[in-house]
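The following note sets out several points for discussion of the model shown below. Each point treats one element or one local feature.

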Amino acid sequence: MALTFEERLNQILPKISSDDFLNSKGLGNEIGFWIFDYPPEREMEMRDFLSRTILTSLNKSQPPVRAGVINLFELVIQLLQERNLLDKAIEMQRSKGDEAVMAALRPVLKEDKLAIKVVSLVDLGNIDVLILSGVGSAYPMLRTHTLLSALHPLVGRTPLLMLYPGRYDGYSLRLFNKLSEDHYYRAFRLVPEVQ
């Protein structure tokens, strides 16, 4: 039987607060990378559920589950501001178009650099789970499959959950359910659509 979006949302908290999830039990030698995929048109509900339900409940659990949350779009904006490139990028996009600005920003927004920045923003030794959001907003400035690959050697045993507006079938990511598939098979699907 197919689960509704709401039923799938309600399974997130029990899963990510479980000892198996937090200790990456049952994964063999795999890293605890998880993806919760959801319909892109439900983005606002997903954001609300993350802030009002997931994070609030994790903080109130006993013992509290410490979550580091990184919004990838906000991270990209922060990096551009730090390098005084945001206004220049906006102007270049207006005058020369999307392709020109993306080519100019590519060296600054390489996923290996973003992965290092992500890790520098959270104290991996003092969190129990790393949650990545803002995937859809950050497109096309970064590619999530490449970012996840760059994060693998950096996060150690800390489980990572990416909230993904699109489709993940365990083998490939399809952002917004429309863009071409990016092959990625090292993450687990947090909540399947059927039970």
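Which helices are included in what covers the buried residues of α6? The cover includes α4 (72-82) and α5 (86-96).

The model is predicted, so local features need pLDDT of at least 70 and side-chain atom pairs count only at pLDDT 80 or more, while totals for chains, interfaces and linings use all residues. Residues are numbered from 1 along each chain as its sequence is written, and side-chain values use heavy atoms, with hydrogens and water left out.

1. Burial in helix α6. The buried residues of α6 (residues 98-105) are V101, M102 and L105. Seen down the helix axis, these buried residues fall within an arc of 100 degrees, so they line one face of α6. The arc is that of the directions from the helix axis to the C-beta atoms. E99 and A103, on the other side of α6, are exposed. Buried denotes under 20% relative accessible area, exposed over 50%, and partly exposed in between (1.4 Å probe, protein chains only). Helices (H or I, at least four residues) and strands (E, at least two) are DSSP runs, numbered from the N terminus.

2. Packing of α5 with α6. The axes of these two helices come within 7 Å and cross at roughly 145 degrees. On the α5 side the contact is made by A89, M92, Q93 and K96, and on the α6 side by D98, A100, V101, A104 and L105. Contact means heavy atoms within 4.5 Å. By class, the residues of this contact divide into 6 nonpolar, 1 polar and 2 charged. Here Ala, Val, Leu, Ile, Met, Phe, Trp, Tyr, Cys and Pro count as nonpolar, Asp, Glu, Lys and Arg as charged, and the others, Gly among them, as polar.

3. Packing of α1 with α3. Helix α1 (residues 5-16) packs against helix α3 (residues 43-60) at an angle of about 30 degrees, with the axes 11 Å apart. Axes are lines fitted to C-alpha atoms, for helices over the stretch in contact, and angles run from 0 to 180 degrees between N-to-C directions. The two helices are therefore roughly parallel to each other, a term for angles under 35 degrees. The contact is made by F5, E6, L9, N10, I12, L13 and I16 of α1, together with E45, M46, F49, I54, S57 and L58 of α3. This contact has 9 nonpolar, 2 polar and 2 charged residues.

4. Two buried positions. F21 lies in helix α2 (residues 19-22) and is buried, with a relative accessible area of 4%. Apart from neighbours within four places in sequence, F21 is in contact with K15, I16, W34, V129, P159 and L190. F21 and V129 are 108 residues apart in sequence, and their C-alpha atoms are 9.1 Å apart in space. S172, in strand β5 (residues 172-175), counts as buried at 4% relative accessibility. Not counting residues up to four places away in sequence, S172 touches R167, E181, D182, H183 and Y184.

5. Cis peptide bonds. The bond from Q62 to P63 is cis, with omega near -5 degrees; P63 is found in the loop between α3 and β2 (67-71). A cis peptide bond also joins Y139 and P140, with omega about 10 degrees. P140 is in the loop between α8 (135-138) and α9 (144-155).

6. Positive phi. N84, in the loop between α4 and α5, has phi near 55 degrees, a positive value in a residue other than glycine. N84 counts as exposed at 59% relative accessibility. N177, in the loop between β5 and β6 (182-183), has phi near 60 degrees and is partly exposed, with a relative accessible area of 36%.

Note on methods: Angles under 35 degrees count as roughly parallel, over 145 as roughly antiparallel, 65 to 115 as roughly perpendicular and the rest as oblique.
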